[in-house]
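Hello,

Here is the structure I promised to pass on. My notes follow below it.

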Amino acid sequence: MTASIDSVSSPPRIAGEDEAISMEELALAARNHAMPLEAMRYDVTPPGLHYVLVHYDIPMLDATDWRLAIRGRVENPISLDLDTLKAMPRHTQRVTLECAGNGRAHLSPRPVSQPWLTGAVGTADWTGVPLVDLLEDAGLSADAVDVVFTGADHGVERGIEQDYKRGLSVADATGGDVLVAYEMNGQPLPPQHGFPVRLVVPGWYGMAHVKWLCDIEVIDKQFDGFQNAEAYRWRESPDDPGKPVTRIEPRALLVPPGFPDFMSRTRVLRPGPQQLQGRAWSGWGRVTKVEVSTDNGRTWDAADLEPAPSPSAWCRFSAEWEATPGEHWLRVRAHDETGRSQPLEQAWNRGGFANDADAAIRVVVMEG
(Lines give C-alpha, C1' and ligand atoms only; values in the text may rest on other atoms or scores of the structure.)
Protein backbone atom coordinates (compact mmCIF):
# COMPACT_ATOMS: atom_id res chain seq x y z
CA MET A 1 0.00 0.00 0.00
CA THR A 2 1.32 3.45 -0.92
CA ALA A 3 1.30 6.05 1.82
CA SER A 4 -0.16 9.46 1.07
CA ILE A 5 1.77 12.61 1.85
CA ASP A 6 -0.91 13.51 4.42
CA SER A 7 -0.18 10.30 6.33
CA VAL A 8 3.51 11.12 6.84
CA SER A 9 3.23 14.77 7.79
CA SER A 10 0.81 15.72 10.54
CA PRO A 11 -0.17 19.26 11.55
CA PRO A 12 1.78 20.90 14.35
CA ARG A 13 0.66 20.06 17.84
CA ILE A 14 1.30 20.91 21.46
CA ALA A 15 2.95 18.36 23.74
CA GLY A 16 0.82 16.87 26.48
CA GLU A 17 1.48 17.51 30.14
CA ASP A 18 4.80 15.87 31.11
CA GLU A 19 5.19 14.48 27.56
CA ALA A 20 8.83 13.64 26.85
CA ILE A 21 10.77 14.67 23.76
CA SER A 22 9.76 12.30 20.93
CA MET A 23 12.05 10.33 18.63
CA GLU A 24 11.04 12.68 15.81
CA GLU A 25 12.08 15.73 17.85
CA LEU A 26 15.30 13.96 18.84
CA ALA A 27 16.04 13.29 15.16
CA LEU A 28 15.57 16.98 14.39
CA ALA A 29 17.79 17.98 17.30
CA ALA A 30 20.51 15.55 16.15
CA ARG A 31 20.67 16.75 12.53
CA ASN A 32 20.40 20.45 13.39
CA HIS A 33 22.66 21.98 16.01
CA ALA A 34 22.93 24.94 18.35
CA MET A 35 25.93 27.15 18.98
CA PRO A 36 27.67 26.19 22.26
CA LEU A 37 27.16 29.27 24.41
CA GLU A 38 30.86 29.44 25.27
CA ALA A 39 31.40 30.25 21.56
CA MET A 40 30.04 33.73 22.29
CA ARG A 41 33.62 34.52 23.30
CA TYR A 42 34.31 34.83 19.56
CA ASP A 43 33.35 38.13 17.95
CA VAL A 44 32.67 36.15 14.76
CA THR A 45 31.33 32.62 15.14
CA PRO A 46 33.40 29.93 13.38
CA PRO A 47 31.17 28.22 10.77
CA GLY A 48 31.30 24.85 12.53
CA LEU A 49 29.99 26.42 15.74
CA HIS A 50 27.33 28.66 14.17
CA TYR A 51 23.81 27.33 14.64
CA VAL A 52 22.25 25.32 11.79
CA LEU A 53 18.62 24.60 10.98
CA VAL A 54 17.79 22.73 7.77
CA HIS A 55 14.11 22.29 6.93
CA TYR A 56 14.51 19.41 4.47
CA ASP A 57 17.79 17.93 3.08
CA ILE A 58 21.07 19.71 2.41
CA PRO A 59 21.22 19.71 -1.40
CA MET A 60 24.47 18.88 -3.17
CA LEU A 61 24.93 21.64 -5.74
CA ASP A 62 27.62 22.06 -8.39
CA ALA A 63 28.83 25.66 -8.47
CA THR A 64 29.69 25.39 -12.18
CA ASP A 65 26.08 24.51 -13.05
CA TRP A 66 24.39 26.84 -10.57
CA ARG A 67 22.32 29.71 -11.93
CA LEU A 68 20.29 32.42 -10.22
CA ALA A 69 17.21 33.58 -12.12
CA ILE A 70 15.65 36.99 -11.46
CA ARG A 71 12.29 37.07 -13.18
CA GLY A 72 8.61 37.94 -12.92
CA ARG A 73 7.53 41.56 -12.73
CA VAL A 74 10.82 42.96 -13.99
CA GLU A 75 11.81 44.80 -17.16
CA ASN A 76 14.95 42.74 -17.86
CA PRO A 77 14.90 39.13 -16.61
CA ILE A 78 18.38 37.96 -15.57
CA SER A 79 20.18 34.63 -15.24
CA LEU A 80 23.50 34.80 -13.38
CA ASP A 81 26.23 32.23 -12.87
CA LEU A 82 28.51 32.31 -9.84
CA ASP A 83 31.47 33.92 -11.64
CA THR A 84 29.26 36.75 -12.90
CA LEU A 85 27.89 37.33 -9.41
CA LYS A 86 31.39 37.40 -7.88
CA ALA A 87 32.56 39.90 -10.52
CA MET A 88 29.99 42.45 -9.32
CA PRO A 89 30.81 45.02 -6.59
CA ARG A 90 30.98 43.08 -3.33
CA HIS A 91 29.90 44.04 0.14
CA THR A 92 30.66 42.47 3.53
CA GLN A 93 28.39 42.83 6.53
CA ARG A 94 28.57 41.37 10.04
CA VAL A 95 25.16 39.93 10.86
CA THR A 96 23.76 38.01 13.84
CA LEU A 97 21.35 35.27 12.80
CA GLU A 98 18.89 33.72 15.24
CA CYS A 99 16.34 30.99 14.63
CA ALA A 100 12.73 32.09 15.15
CA GLY A 101 12.25 29.02 17.37
CA ASN A 102 15.17 29.74 19.68
CA GLY A 103 14.02 29.05 23.26
CA ARG A 104 11.06 26.91 22.15
CA ALA A 105 11.86 24.02 24.49
CA HIS A 106 11.53 26.32 27.52
CA LEU A 107 7.84 26.97 26.80
CA SER A 108 5.11 25.12 28.67
CA PRO A 109 3.18 23.45 27.18
CA ARG A 110 5.86 22.74 24.60
CA PRO A 111 5.18 23.20 20.89
CA VAL A 112 6.33 20.00 19.18
CA SER A 113 9.10 20.93 16.73
CA GLN A 114 12.87 21.47 16.75
CA PRO A 115 13.48 21.61 20.54
CA TRP A 116 15.83 24.58 20.80
CA LEU A 117 17.11 25.80 24.16
CA THR A 118 18.92 29.14 23.71
CA GLY A 119 21.85 28.40 21.38
CA ALA A 120 20.16 28.83 17.98
CA VAL A 121 22.23 31.89 17.15
CA GLY A 122 25.53 32.90 15.59
CA THR A 123 27.31 35.87 14.04
CA ALA A 124 29.27 35.86 10.78
CA ASP A 125 30.80 38.18 8.22
CA TRP A 126 28.73 37.62 5.07
CA THR A 127 30.04 38.73 1.68
CA GLY A 128 28.04 39.08 -1.50
CA VAL A 129 26.11 41.45 -3.73
CA PRO A 130 23.45 43.78 -2.33
CA LEU A 131 20.05 42.52 -3.46
CA VAL A 132 18.99 46.04 -4.37
CA ASP A 133 21.74 46.16 -7.03
CA LEU A 134 20.42 42.99 -8.69
CA LEU A 135 16.83 44.22 -8.60
CA GLU A 136 17.87 47.55 -10.08
CA ASP A 137 19.64 45.73 -12.91
CA ALA A 138 16.50 43.70 -13.55
CA GLY A 139 14.27 46.79 -13.32
CA LEU A 140 11.25 46.39 -11.05
CA SER A 141 7.91 46.87 -12.75
CA ALA A 142 5.56 49.53 -11.41
CA ASP A 143 3.15 46.85 -10.12
CA ALA A 144 5.80 44.90 -8.14
CA VAL A 145 4.57 44.03 -4.62
CA ASP A 146 6.62 41.14 -3.20
CA VAL A 147 9.89 39.39 -3.98
CA VAL A 148 9.89 35.58 -3.61
CA PHE A 149 13.11 33.66 -2.90
CA THR A 150 13.35 29.93 -3.64
CA GLY A 151 15.98 27.54 -2.30
CA ALA A 152 17.05 24.21 -3.77
CA ASP A 153 15.89 22.27 -0.70
CA HIS A 154 12.68 20.30 -1.28
CA GLY A 155 10.41 18.36 1.06
CA VAL A 156 7.00 17.86 2.64
CA GLU A 157 5.56 19.96 5.45
CA ARG A 158 2.09 19.47 6.90
CA GLY A 159 1.17 17.38 3.88
CA ILE A 160 2.36 19.95 1.33
CA GLU A 161 5.19 19.07 -1.07
CA GLN A 162 7.24 22.21 -1.64
CA ASP A 163 10.50 23.94 -2.36
CA TYR A 164 11.52 26.18 0.51
CA LYS A 165 10.24 29.67 -0.39
CA ARG A 166 10.01 32.93 1.49
CA GLY A 167 8.73 36.33 0.39
CA LEU A 168 9.67 39.89 1.31
CA SER A 169 7.86 43.07 0.42
CA VAL A 170 9.57 45.20 -2.21
CA ALA A 171 10.27 47.79 0.51
CA ASP A 172 12.03 45.21 2.72
CA ALA A 173 13.87 43.63 -0.22
CA THR A 174 15.24 46.95 -1.47
CA GLY A 175 16.10 48.41 1.93
CA GLY A 176 19.79 48.37 1.02
CA ASP A 177 21.23 45.85 3.49
CA VAL A 178 19.88 42.52 2.13
CA LEU A 179 22.69 40.44 0.63
CA VAL A 180 22.89 37.68 -1.94
CA ALA A 181 25.87 36.10 -0.20
CA TYR A 182 28.50 33.63 -1.42
CA GLU A 183 31.06 33.85 1.42
CA MET A 184 30.93 33.29 5.17
CA ASN A 185 33.84 34.63 7.22
CA GLY A 186 35.90 35.13 4.06
CA GLN A 187 35.43 31.58 2.73
CA PRO A 188 32.93 29.97 0.33
CA LEU A 189 29.70 29.06 2.10
CA PRO A 190 29.81 25.61 3.74
CA PRO A 191 27.14 23.22 2.37
CA GLN A 192 25.02 23.46 5.52
CA HIS A 193 25.03 27.27 5.30
CA GLY A 194 23.72 27.46 1.74
CA PHE A 195 26.53 26.81 -0.76
CA PRO A 196 26.94 28.25 -3.30
CA VAL A 197 24.65 31.25 -2.58
CA ARG A 198 22.16 32.26 0.10
CA LEU A 199 20.10 35.24 1.14
CA VAL A 200 21.08 37.26 4.23
CA VAL A 201 18.38 39.59 5.62
CA PRO A 202 19.92 41.55 8.51
CA GLY A 203 17.70 41.92 11.55
CA TRP A 204 15.26 39.16 10.56
CA TYR A 205 14.87 35.73 12.09
CA GLY A 206 16.60 32.88 10.26
CA MET A 207 13.58 31.68 8.25
CA ALA A 208 14.00 34.72 5.95
CA HIS A 209 17.65 33.92 5.08
CA VAL A 210 16.91 31.45 2.26
CA LYS A 211 19.79 29.02 1.69
CA TRP A 212 20.83 27.37 -1.62
CA LEU A 213 19.19 30.30 -3.41
CA CYS A 214 18.34 29.53 -7.04
CA ASP A 215 15.39 31.74 -8.01
CA ILE A 216 14.14 35.27 -7.30
CA GLU A 217 10.67 36.06 -8.59
CA VAL A 218 9.02 39.49 -8.36
CA ILE A 219 5.22 39.24 -8.13
CA ASP A 220 2.35 41.70 -8.25
CA LYS A 221 0.61 40.53 -5.07
CA GLN A 222 1.43 39.57 -1.52
CA PHE A 223 3.17 36.19 -1.39
CA ASP A 224 0.88 33.57 0.15
CA GLY A 225 3.23 30.58 0.10
CA PHE A 226 3.37 28.12 2.98
CA GLN A 227 6.40 29.48 4.83
CA ASN A 228 4.91 32.99 4.91
CA ALA A 229 1.20 32.37 5.23
CA GLU A 230 1.17 29.22 7.38
CA ALA A 231 4.44 28.23 9.02
CA TYR A 232 6.02 31.33 10.57
CA ARG A 233 3.12 33.06 12.23
CA TRP A 234 2.52 33.91 15.90
CA ARG A 235 -0.70 32.10 16.85
CA GLU A 236 -2.28 31.62 20.25
CA SER A 237 -4.98 29.16 19.14
CA PRO A 238 -5.54 26.79 16.19
CA ASP A 239 -8.08 29.12 14.54
CA ASP A 240 -6.00 32.26 15.08
CA PRO A 241 -4.84 33.64 11.69
CA GLY A 242 -1.81 34.95 13.53
CA LYS A 243 0.67 37.67 12.76
CA PRO A 244 3.88 37.18 10.75
CA VAL A 245 7.17 36.49 12.48
CA THR A 246 9.67 39.04 11.16
CA ARG A 247 12.44 40.84 13.07
CA ILE A 248 14.51 39.50 15.95
CA GLU A 249 13.31 40.50 19.40
CA PRO A 250 15.96 41.83 21.85
CA ARG A 251 17.96 39.18 23.66
CA ALA A 252 21.03 38.97 25.89
CA LEU A 253 22.83 35.74 26.75
CA LEU A 254 25.63 35.07 29.20
CA VAL A 255 28.75 33.16 28.34
CA PRO A 256 28.40 30.37 30.92
CA PRO A 257 30.90 31.19 33.70
CA GLY A 258 33.20 28.69 35.39
CA PHE A 259 33.13 25.07 34.25
CA PRO A 260 30.21 22.64 33.75
CA ASP A 261 28.90 19.50 35.32
CA PHE A 262 28.82 17.02 32.42
CA MET A 263 25.16 15.98 32.55
CA SER A 264 23.29 18.86 34.18
CA ARG A 265 25.47 21.64 32.70
CA THR A 266 25.29 23.35 36.11
CA ARG A 267 28.15 25.82 36.26
CA VAL A 268 30.77 25.43 39.00
CA LEU A 269 32.89 28.36 40.22
CA ARG A 270 35.33 29.17 42.97
CA PRO A 271 34.53 32.10 45.27
CA GLY A 272 35.91 35.54 44.63
CA PRO A 273 35.83 38.19 41.91
CA GLN A 274 34.31 37.04 38.62
CA GLN A 275 33.79 38.85 35.35
CA LEU A 276 30.48 37.92 33.75
CA GLN A 277 30.31 38.51 30.02
CA GLY A 278 27.98 37.85 27.13
CA ARG A 279 26.37 39.14 23.95
CA ALA A 280 23.22 41.10 23.22
CA TRP A 281 21.37 41.88 20.00
CA SER A 282 18.06 43.05 18.51
CA GLY A 283 16.67 43.12 14.99
CA TRP A 284 14.77 46.33 15.68
CA GLY A 285 17.66 48.62 16.60
CA ARG A 286 20.88 48.90 18.54
CA VAL A 287 21.02 47.52 22.08
CA THR A 288 21.28 50.46 24.48
CA LYS A 289 21.36 48.69 27.87
CA VAL A 290 21.95 45.26 29.35
CA GLU A 291 21.10 44.42 32.96
CA VAL A 292 22.56 41.57 35.01
CA SER A 293 21.05 39.88 38.07
CA THR A 294 22.95 37.46 40.32
CA ASP A 295 19.98 36.77 42.64
CA ASN A 296 17.42 35.34 40.20
CA GLY A 297 15.93 38.67 39.22
CA ARG A 298 15.37 40.27 42.63
CA THR A 299 17.89 43.05 41.87
CA TRP A 300 19.43 44.25 38.62
CA ASP A 301 22.62 46.16 37.77
CA ALA A 302 23.61 47.75 34.48
CA ALA A 303 26.41 45.97 32.65
CA ASP A 304 29.24 47.65 30.75
CA LEU A 305 28.24 47.70 27.09
CA GLU A 306 30.60 47.86 24.11
CA PRO A 307 29.45 49.29 20.76
CA ALA A 308 28.25 46.79 18.18
CA PRO A 309 30.52 46.46 15.12
CA SER A 310 27.51 46.91 12.84
CA PRO A 311 23.79 47.72 13.31
CA SER A 312 22.88 44.08 12.65
CA ALA A 313 25.50 42.35 14.83
CA TRP A 314 25.62 41.45 18.50
CA CYS A 315 27.53 43.55 21.01
CA ARG A 316 29.61 42.50 24.00
CA PHE A 317 28.69 43.26 27.62
CA SER A 318 30.41 42.54 30.92
CA ALA A 319 29.80 42.93 34.65
CA GLU A 320 31.84 42.31 37.80
CA TRP A 321 30.51 39.89 40.43
CA GLU A 322 31.85 38.89 43.83
CA ALA A 323 30.90 35.20 43.95
CA THR A 324 30.08 33.82 47.41
CA PRO A 325 29.70 30.13 48.30
CA GLY A 326 26.32 28.59 47.56
CA GLU A 327 23.79 28.33 44.74
CA HIS A 328 23.06 31.33 42.53
CA TRP A 329 20.83 31.98 39.52
CA LEU A 330 22.25 34.44 37.00
CA ARG A 331 19.96 36.33 34.61
CA VAL A 332 20.38 39.02 31.96
CA ARG A 333 18.04 41.19 29.92
CA ALA A 334 18.53 43.55 26.96
CA HIS A 335 16.89 46.84 25.97
CA ASP A 336 17.11 48.41 22.50
CA GLU A 337 16.82 51.91 21.05
CA THR A 338 13.18 51.36 20.01
CA GLY A 339 12.11 50.84 23.64
CA ARG A 340 11.74 47.06 23.32
CA SER A 341 12.96 45.05 26.30
CA GLN A 342 13.68 41.40 26.86
CA PRO A 343 10.91 39.98 29.06
CA LEU A 344 11.40 37.86 32.15
CA GLU A 345 8.54 35.61 31.07
CA GLN A 346 7.49 35.00 27.47
CA ALA A 347 3.93 35.14 26.17
CA TRP A 348 3.17 31.65 24.84
CA ASN A 349 2.41 30.90 21.18
CA ARG A 350 1.71 27.67 19.31
CA GLY A 351 4.81 27.78 17.14
CA GLY A 352 7.16 28.60 19.97
CA PHE A 353 8.45 31.61 18.04
CA ALA A 354 10.35 34.69 19.23
CA ASN A 355 10.73 33.35 22.78
CA ASP A 356 13.29 35.90 23.95
CA ALA A 357 12.53 35.54 27.66
CA ASP A 358 15.77 35.30 29.61
CA ALA A 359 16.91 31.83 30.70
CA ALA A 360 18.50 31.72 34.15
CA ILE A 361 21.86 29.97 34.57
CA ARG A 362 22.34 27.89 37.70
CA VAL A 363 25.74 28.41 39.30
CA VAL A 364 27.23 26.60 42.29
CA VAL A 365 30.09 28.44 43.98
CA MET A 366 32.29 26.01 45.91
CA GLU A 367 33.57 26.55 49.44
CA GLY A 368 37.21 27.65 49.62
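**What turned up**

Trp212 counts as buried, at 1% relative accessibility (buried is under 20% relative accessible area, exposed over 50%, partly exposed in between, with a 1.4 Å probe and protein chains only). Trp212 sits in the loop between β9 and β10 (213-219). Its phi is near 50°, a positive value in a residue other than glycine.

This is a predicted model, where local features need pLDDT of at least 70, side-chain atom pairs count only at pLDDT 80 or more, and totals for chains, interfaces and linings use all residues. Residues are numbered from 1 along each chain as its sequence is written, and side-chain values use heavy atoms, leaving out hydrogens and water.

Asn185 also has a positive phi, near 55°, and is not a glycine. Asn185 is partly exposed, with a relative accessible area of 23%. Its place is the loop between β7 (179-184) and β8.

Two cis peptide bonds come next. One joins Ser108 and Pro109, with omega about -5°. Pro109 is in the loop between β3 (91-98) and β4 (121-130). Another runs from Phe195 to Pro196, with omega near 5°. Pro196 is in the loop between β8 (187-188) and β9 (198-200).

Now the whole chain. The protein chain has six helices and 22 strands (DSSP runs numbered from the N terminus: helices are H or I, at least four residues; strands are E, at least two). Of its 368 residues, 51% count as buried. Its C-alpha atoms fill a box of roughly 70 × 55 × 35 Å, taken along the principal axes.

Best wishes
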